[in-house]
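Take them in order and try each one before reading its solution.

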There are 2 protein chains.
Amino acid sequence: MNIEEVREKTVSGLTYKAAGVNIDAGEELVSRIKPLAKKTFNSRVLTDIGGFGGLFDGRFPEMKFPVLVSSTDGVGTKIKVAIDANRHDTIGQDLVNHCVNDILVCGATPLFFLDYFASGKLNVDVGEAVVAGFARGCEDNGCALIGGETAEMPGMYAENDYDLAGTIVGVVEKEKIFNRENVTAGDVLIGLKSNGLHTNGYSLARKALLTQYKLDSLPAILGGETLADALLKVHRSYLRPIQYLLEKFSPATDIHALSHITGGGIVGNTSRVLPERLALDINWNSWPRPHIFRLIQDAGKIPETDMRRAFNLGIGLIIIAASSSAEKIESALRDFGEEPVRIGNVVQK
Amino acid sequence: MNIEEVREKTVSGLTYKAAGVNIDAGEELVSRIKPLAKKTFNSRVLTDIGGFGGLFDGRFPEMKFPVLVSSTDGVGTKIKVAIDANRHDTIGQDLVNHCVNDILVCGATPLFFLDYFASGKLNVDVGEAVVAGFARGCEDNGCALIGGETAEMPGMYAENDYDLAGTIVGVVEKEKIFNRENVTAGDVLIGLKSNGLHTNGYSLARKALLTQYKLDSLPAILGGETLADALLKVHRSYLRPIQYLLEKFSPATDIHALSHITGGGIVGNTSRVLPERLALDINWNSWPRPHIFRLIQDAGKIPETDMRRAFNLGIGLIIIAASSSAEKIESALRDFGEEPVRIGNVVQK
């Protein structure tokens, strides 16, 4: 008995395909994905994809105490916007960048990424577009797309729906991990701008907007952009500007902590990196909010407290800096093309 | 502005909760999960969960060339059986064991695991049961549950539905990675028994069975077990018996390869670890199939070719052994409490 015999066409009874699972489509997708993933490989990747596991060189000879930093995430209901707008090529990039930022705020550099793609009915073209987004995101962040899983789950997802999850693993020198005990009252909060919702708050945004607008609507406040354009802006990766800073400034004396602004907003996320005795004093009027947030707030008559809890409101990453280093850090960021904003301070509770 | 102010109750307009996302339930779940995950921690885990990333000691001083081996997977539509039977405490264990086996067949020992749990409406009790399953699976395999993501996605999943994904990272000494070029014609296929479907073929099984039976039915062939009992048997982890073998036998001379039998069946999975020029000769009558497979095949009038492609049919892992070592390997397996079966040979194409 060889493979070809097992894959003969069946003539009667219930077949795997009739049960809603199309193994051939899965194999077609894997063959289209392979070259995309391969483009992300570097000399540390020790295998082709398609094996039972992805293999990555685990030696870090240049480090004294390498620490592996990992994170798993999804894109929330931003995926519903991608599906409804029939634009599948950037949602994977959103997820990679989200994961990159999550380990970046621990000080880590990305090594490799694995994706999970589950759909009601596997559409090979959609799957290829999604994975192309993963691959582009990985390439941009110097990260290898080392593995993944494609699941066809009839009855769980509506036929055209799909969900994604991603896992990233990176590495950081132990002594360079941020230590919340370095954060002190008087530290300055330097915000790096987001380009929109990134990947958080979409359930609220969709509920507020989609009763009044369609995804191809052109609300005046967006200045010629469609709603889909504004909602599908790719979650920024802050890898390059932060790596640039970490080459010049020390975690102990200059940059005390970083926070990635996701669900929970500026306060929810940044509080996680403070010692218990400290709190945040945010000047909420110190930066211009992207127009999409005004549109959402007005459409849904959303209280300001909920806006602050659900959205990044224009700030995607926060650097908690020693007050004596803040100006030099901001100047370095501007040299790198960023527009840093001082959005507040750390204070005693 | 401190956290308490941001979390004031809102009095008008559309709130995050009204949009279907309940941050408080998410926080309640995280607080219940923490002690479960902590039980899986060992001295190599360098952080509490709840940070932006999970931290794990990346030093392997006892190894010459450590290779990180990773894999992402889901449980397919077995999850629909868990949901419909309202039994959520073992499906996480299924996923951990599946992932453990996937890297085990590369020779790797598990280090850490991260989960993704997405639901239509977050039920804290269900979420806790699921994560308890992840934690039990991780503990059993000496693996740290180092991180995870809980997503509430109204509109994507039906209210009581949820999906899971998991990612495992393990490590293997480079020279101990199985090399398919060691596999030769005449090698013996030694099967380790499965206890049922493990996590594959559920779309076909459900379609075949659930038109005629209910999950609490007691089909005579199952000898007193309900259908739910038979379908929800926990995917076996083969970590302990295989580790026991790898201490005694060499990858180069005795054990040429391993394959984990998942979607694609015995032939589909085992062919992946053969050189191009070789094929499998399986004696399909050499082991007794668990009764659940007969029940499925009869109920759905499923052609044998589809049965072989969709299911493990009673063999969960295959050891490709040098013919001269096969008896010693089988004897060692019996000492360990396994019932190995010779299911065929490697042959020239």
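**Exercise 1.** Find which residues Ile292(A) touches, leaving out those up to four places away in sequence.

*Solution.* Start in this predicted model at Ile292(A) and look for heavy atoms within 4.5 Å. With residues up to four places away in sequence set aside, Ile292(A) touches Gly196(A), Leu197(A), Leu209(A), Leu222(A), Leu227(A), Ala230(A) and Leu231(A).

**Exercise 2.** Work out how many residues each chain gives to the contact, and how much area is buried between chain A and chain B.

*Solution.* Count by chain to begin with: 99 residues come from chain A and 97 residues from chain B. Then turn to the area buried between the two chains, which is about 7800 Å². Carbon and sulfur atoms give 64% of that area.

**Exercise 3.** Describe the salt bridges and polar contacts between chain A and chain B, then the makeup of chain A's side.

*Solution.* The count of salt bridges between the chains is 2. In a salt bridge, the side chain of Arg309(B) meets that of Asp24(A), at 3.2 Å from N to O. Polar contacts across the interface come to 16 residue pairs. On chain A's side, strand β2 (residues 66–73) supplies the largest share, 8 residues. Sorted by class, that side has 47 nonpolar, 28 polar and 24 charged residues.

Key
Residues are numbered from 1 along each chain as its sequence is written. Chains are lettered from A and ligands numbered from 1 in the order in which they are written. This is a predicted model: local features need pLDDT of at least 70, side-chain atom pairs count only at pLDDT 80 or more; totals for chains, interfaces and linings use all residues. Side-chain values use heavy atoms; hydrogens and water are left out. Buried area is the accessible area (1.4 Å probe) that two parts lose on being put together, summed over both. A salt bridge is a side-chain nitrogen of Lys or Arg within 4 Å of a carboxyl oxygen of Asp or Glu. A polar contact is a pair of N or O atoms within 3.5 Å; within protein, one must be able to donate a hydrogen and the other to accept it, and residues adjacent in sequence count only if both atoms are side-chain atoms. Helices (H or I, at least four residues) and strands (E, at least two) are DSSP runs, numbered from the N terminus. Ala, Val, Leu, Ile, Met, Phe, Trp, Tyr, Cys and Pro count as nonpolar, Asp, Glu, Lys and Arg as charged, and the others, Gly among them, as polar.
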